[in-house]
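These are my notes from going through one model.

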Amino acid sequence: MNLKDRARRIKTDIPAIMIALKDRETPIMAKVLAGIIIVYALSPVDLIPDFIPVLGYLDDLIILPALIILVIKLIPDEVMNRYRAEADDLAKKQKKWFYAIPFVVIWILILLIICIKIFL
């Protein structure tokens, strides 16, 4: 499996991991590590700050996928395979444009407020 295929696999495994975290068969260590990944991904603090050219983003490109792969290895194969199938079904059913609605509404409100401030 080449790097591109692995990247695609991780992208499809992330929803499966989120579903598997609710299962009792998922080990506690996998749940804890998944929590650490979420905190690290959302945290403004990185091991190497993002303002450092190239290296700032390189740590995110290496550390996060490596941690995700570790979580996948900690989850039993039968549990992970079951939730991969469930995540695939959910992805087929979901309409991705639906997630853009809140962003569009927020931008419309921002533009409306700006227009009101300028013209009134």
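This is a predicted model: local features need pLDDT of at least 70, side-chain atom pairs count only at pLDDT 80 or more; totals for chains, interfaces and linings use all residues.

Entry 1. I started with R9 and D13, which both sit in helix 1 (residues 3-20), four residues apart, about one turn of the helix. Their side chains form a salt bridge, at 3.6 Å from N to O. I then looked up the exposure of the two partners. R9 counts as partly exposed because its relative accessibility is 35%. D13 has 2% relative accessibility, so I list D13 as buried.

Entry 2. I asked which residue forms a salt bridge with D13 at 2.7 Å. That residue is R84, with 2.7 Å between the closest N and O atoms. R84 lies in helix 4 (residues 77-93) and D13 in helix 1, so this pair ties together parts that are 71 residues apart in sequence. Both R84 and D13 are buried. I noted R9, D13 and R84 as a network of salt bridges.

**Entry 3. A loop to helix 4.** Next I took D23 and R82, whose closest N and O atoms are 3.1 Å apart in a salt bridge. This pair also links distant parts of the chain: D23 is in the loop between helix 1 and helix 2 (28-42), R82 is in helix 4, and 59 residues separate them. Is D23 buried or exposed? D23 counts as buried because its relative accessibility is 10%, and the limit for buried is under 20%. R82 has a relative accessible area of 37%, so R82 is partly exposed. The count of salt bridges for the structure is four, and I did not write up every one.

**Entry 4. The core.** I looked up the largest nonpolar core and found 20 residues in it. Those with the most contacts inside this core are I17, I37, I68, V71, I75, M80 and Y83. Helix 1, helix 2, helix 3 (55-74) and helix 4 are the elements that give two or more residues to the core.

**Entry 5. Around M80 and D13.** I set aside neighbours within four places in sequence and listed what M80 is in contact with: D13, A16, I17, I72 and I75. With residues up to four places away left out again, D13 touches I72, M80 and R84.

**Entry 6. The surface.** I found a nonpolar surface patch of about 820 Å². F98, Y99, I101, V105, L109, L112, I116 and L120 make up this patch. L120 belongs to the segment after helix 5 (101-119). The relative accessibility of L120 is 82%, so L120 counts as exposed. The protein exposes about 9,500 Å², and carbon and sulfur atoms supply 73% of that area.

**Entry 7. The whole chain.** I counted five helices and zero strands, in the order α-α-α-α-α along the sequence. The radius of gyration is 19 Å, whereas a compact globule of 120 residues would have one near 14 Å. Along the principal axes, the C-alpha atoms fill a box of roughly 60 × 40 × 30 Å. I recorded 23% of the 120 residues as buried. Of the contacts with a separation of 6 or more, 64% come from residues 24 or more positions apart.

Note on methods. Residues are numbered from 1 along each chain as its sequence is written. Side-chain values use heavy atoms; hydrogens and water are left out. Buried means under 20% relative accessible area, exposed over 50%, partly exposed in between (1.4 Å probe, protein chains only). Patches are made of residues with over 30% relative accessible area and no salt bridge: like charges are joined within 9 Å, nonpolar side chains (Val, Leu, Ile, Met, Phe, Trp, Tyr) within 5 Å. Accessible areas come from the Shrake-Rupley method with a 1.4 Å probe; for residues, only the protein chains shown count as cover. A nonpolar core is a set of buried Ala, Val, Leu, Ile, Met, Phe, Trp, Tyr and Cys residues joined through side-chain atoms within 4.5 Å. Contact means heavy atoms within 4.5 Å. The radius of gyration is taken over C-alpha atoms; the globule rule is 2.2 Å times the number of residues to the power 0.38.
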